[in-house]
Amino acid sequence: MTRDQLPTTNAFWTLGLSLLAILLLLQLTTIPQRINLWLYDALITTHPAKVADNVAIVAIDDASLDRLGGWPWSRSTHADLIRKLDDAGARTIVFDILFPEPSADDQDLAEAMKAHGNVVLPIHLSPPSQGETISEYLPTPTLSQAAAGLGHAHVELDPDGLARGLYLFNGLGKHLWPSLALAAHGAGNGKVAPPEFPQDSELPPYVNVRSDYVAVPLAGPAETYPMYSYANVLLSPPAPREFNGKTVFVGATAPGFGDVLPTPFSNMALPLSGVEFHANSYAALANQTLIKPSSGIIAAFLSLAIILLVASALPRLRPTQTLLLCTTLAAALLALFTILILVAHRWIPVANALLVPLIAFPLWSARRLAITTRFLNRQLDELGHGPQLSLRELSERHPIQLLDYLTELFTLDGWLLMEDDKTLSHHNLSRESVPPRLPRNAWIHRQNLSWLNIDRCDSHYVLGLKLPDSLSGEAVQRYLRQLPLSADLADKGTLTSSKENITARIERVRQATERMNNMQTFILKSFEHMPDGIIVTDELGVIQFANRHIEEWFDEPRPSLTGLPLTRLLQGHDPRNNPAWKETLAETLTLAQSRTVDLRIRGKDFLIHLAPFESFHTRQQGLIANISDITELREQQRQHREAIDFISHDVRSPLVSQLALIEQLKRHPTDIDTDQLEQLGRLARRSYQLAEEFVQLARAEQLTETRFYECELLSIVENARDSVIEQAFGKDIKLQLQGYEDLWLKGNAELLERVVINLLTNAVQYSDTGSTITIQVYQAGHLACLTVSDEGAGIAPEEVPHLFDRFRRQKSSELSGNRGAGLGLSFVNVVIEKHRGQIEVESTLGEGSSFTIKLPIAAPIPN
């Protein structure tokens, strides 16, 4: 089992058959049908059909009944309406009025119908009375012969009672009548051919046969199409503007006729009249937008395809991908449903297919949860028997052990341990010193005495400690306050009895997770806080873990370190060929022998210890590389060697010369002259100067910011100038100070003054007689700057990079006789670095040198 996936064995059949069974059970209900109808209604009402401009309705409304009298009207009245519409240019006239019984005015109506030529009459199919077979109710023979076409006026009601469509053909036996809209559409285009039946089919003449069901995309609720009152059209002059070239439907809209149909637009709140429904049908037929439902086989195949897709895909996906897939499938089905209806005018019931992803997601989520629960239970059982890293609670320590450990850990001037009223151990502390009313499980500190009152094993204990009366004693007391003395039951992870099995599982998961997190946190924090760099590789030497020291020392971001071969990392920062890093690491892995190798990274010295390891459970191998920074140690070793060389040569040489000269004077005490004394003085002064430089450098290296205070740079420079002015005067050198602004620093004025003295002394020593040394003190941004410029011989370019190295002297200085220890400028560099500043050198041979010191000022620049 991977991190996010579950086993797919038998998952396809389990999920697929479960979905198929649920889908079959749903077919016993009306849920899929209601969903299909709701989706259709939502789409049709959201995107209604366009109102056709060649359709009009003449309504038999309440106003017409009031003006023309009660129903039925004489057929001569209908004949007059046909003549008026004929005069107005109506192309086709469709009556949604039944004329089954003969009348004296039939001939008048028939003549008007023949005169127009395109009048369509309805027929009706219904049983004469309850319990009888269905019969056809046709117009009278006179009217039937005069009509351009006959059509049935039946509209189908769906199971929810709404009218959404009709059958294009309806009749008895093999005699099928077109719908009223289809008959009207064919009135001017020829006869409408009914569907053909097989030759051998025998249908009784009383059997109702229907064919070619279509859904009608309505243009809207009632009165969407233009409607004209029957009486107004009849009693007014012809209106070609309203009826010219149009198909006019004539039918009842008055509530008393009962010819109303609930539709998706309004239900029974504002039902649609039958004549309006037929007008919508005609418009859809003329525009070829009638919606034809697809067979159930297509919907079944679609559902099976979705089941196969879901059953094969879900077991292989992660939970988030499962939700995305189910959502995408549902959206795709809805988009397919919309496109087919609005573009292809096909109605495929997608409810069953749509229910598959909606049911599959919670079903597979429950299945996933069950599998995960079983897997976690097994893992929790294994985890509970695994190794644990836990420290013993201090509350579990017996007071005797507690006193023993405290005496081993801290330096105590005395102690006292009492059980009830019995003294178990004491030293330099008596029971009379115990304060009254000590609180339980809390340290009480009074001056240098610390007291603890605890209960263990049904006994009462009092522990007293006498600490040194110093800062270390106060630190111990602060430490004791932090020690947890009582057991924290909330962290024990004990599980109270619960009737809910899920609660017990959750608690087990919490305990196991807490143990794993504690173990992982302990390991990671240990690696991160180790003073050395740690790298863990796999059996191929590829880095799997590196702590923060590795990231810092190698200047590589930690994400790029993971997955990088260790040999590539080491070779890239410390290339070597004899032996190559790959040989060293390969031998460590193959021979399973630890080894230690020197390493140099970005100018720093390191020691890398390579140790192979092997996992006991997984049998995986790898390397642990422990990298220690020994730069400071190597630098101390180098300084130690330099100091020994310095003492053995530079310091010893003048001392040996002094001793030799003194021995000479002792042999000839009467021949002492001034030159010998002067030489002895020079040697002594040189020894003193060397010792002074050495001491000053040691002081500079031990300087910390705790010895910093507010000081002013210009005053420091003036004091240093006054200290060197006699030396400059002896060579007729002029010291010119430029600077009048007080610049306050936070540093050590004594050592800074020594820095300026060293720079000025060097400038005087290496300047020609009668030259000028310029001292500039100024501010540059947030920096206080000091520049010492001379007109001496200058410094060779190859000697500038090593100018501040200790015990290093310039060749030109040695040749000119200005011999020193090589510590003066090293002292300057150390002091400036301690003050978080920087020093720059510019020099030209034969023209002079310029030293610039930049130090951060103590306060922001004033506005």
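What follows is a conversation about a predicted model, in which a colleague asks for the reasoning behind several labels.

Colleague: Why is the aromatic pair of tyrosine 167 and tyrosine 213 called edge-to-face?

Modeller: The ring centres of tyrosine 167 and tyrosine 213 lie 5.2 Å apart and their planes make an angle of 65°; since rings pair if their centres lie within 6.5 Å, and planes over 60 degrees apart count as edge-to-face, both parts of the label follow. By this rule the model has 10 aromatic pairs, and a separate entry describes one aromatic cluster formed by Trp71, Trp73 and Tyr230.

Colleague: Which strands hold tyrosine 167 and tyrosine 213, and how many residues apart are they?

Modeller: Tyrosine 167 is in strand β7 (residues 163–172), tyrosine 213 is in strand β9 (residues 208–215), and the two are 46 residues apart, so the pair is said to link distant parts of the chain.

Colleague: What makes tyrosine 213 count as buried?

Modeller: Its relative accessibility is 19%, and because buried means under 20%, tyrosine 213 falls within that class.

Colleague: How do you know that arginine 164 and aspartate 41 form a salt bridge?

Modeller: The side chains of arginine 164 and aspartate 41 meet at 2.6 Å, N to O, and the cut-off is 4 Å between a side-chain nitrogen of Lys or Arg and a carboxyl oxygen of Asp or Glu, so the pair qualifies. Arginine 164 belongs to strand β7 and aspartate 41 to helix α2 (residues 31–46), 123 residues apart, and both residues are buried. Arginine 164 and aspartate 41 are also part of a network of salt bridges that includes Asp158 and Asp160, and the structure holds 17 salt bridges.

Colleague: Why is aspartate 605 called buried, and why is arginine 600 called partly exposed?

Modeller: These two residues form a salt bridge, with the closest N and O atoms 2.3 Å apart, but they belong to separate classes of accessibility. Aspartate 605 has a relative accessible area of 17%, and because this is under 20%, aspartate 605 is buried; arginine 600 has 40%, which lies between 20% and 50%, so arginine 600 is partly exposed.

Colleague: What makes the contact of aspartate 722 with arginine 721 a salt bridge, and how are these residues classed for accessibility?

Modeller: The distance between their side chains is 3.6 Å, N to O, and since the limit is 4 Å, the contact counts as a salt bridge. Aspartate 722 has 44% relative accessibility and arginine 721 has 23%; both values lie between 20% and 50%, so both residues are partly exposed.

Colleague: Why is isoleucine 297 called exposed, whereas valine 275 is called buried?

Modeller: Isoleucine 297, found in helix α11 (residues 296–313), has a relative accessible area of 56%, and because exposed means over 50%, the label applies. Isoleucine 297 also forms a nonpolar patch on the surface with Phe301 and Leu304, and together they have about 330 Å² of accessible area. Valine 275, found in helix α10 (residues 274–286), has 0%, which is under 20%, so valine 275 is buried.

Colleague: How many cavities of 30 Å³ or more are there, and which elements give two or more residues to the lining of the largest cavity?

Modeller: The count comes to 1 cavity of 30 Å³ or more, and about 60 Å³ of space lies in the largest cavity. Its lining includes Leu713, Val755, Cys785 and Leu855, and the elements that give two or more residues are α23 (713–730), α24 (749–765), β30 (783–789) and β32 (848–856).

Methods
Residues numbered from 1 in each chain as written. Predicted model: local features only at pLDDT ≥ 70, side-chain atom pairs only at ≥ 80, totals over all residues. Heavy atoms only, no water. Phe/Tyr/Trp six-rings, centres within 6.5 Å; stacked < 30°, edge-to-face > 60°. Helix = DSSP H or I, 4+ residues; strand = E, 2+ residues; numbered from the N terminus. Buried < 20%, exposed > 50% of the residue type's maximum accessible area, 1.4 Å probe, protein only. Patch = residues over 30% accessible without salt bridge, like charges linked within 9 Å, V, L, I, M, F, W, Y side chains within 5 Å. Areas by Shrake-Rupley, 256 points an atom, 1.4 Å probe, with all protein chains shown as cover. 1 Å grid on protein atoms, 1.4 Å probe; cavity = no way out; pocket = protein on both sides within 12 Å on 5 of 7 lines; lining within 4 Å. Points joined across faces, edges and corners; volume = space filled by probe spheres on them.
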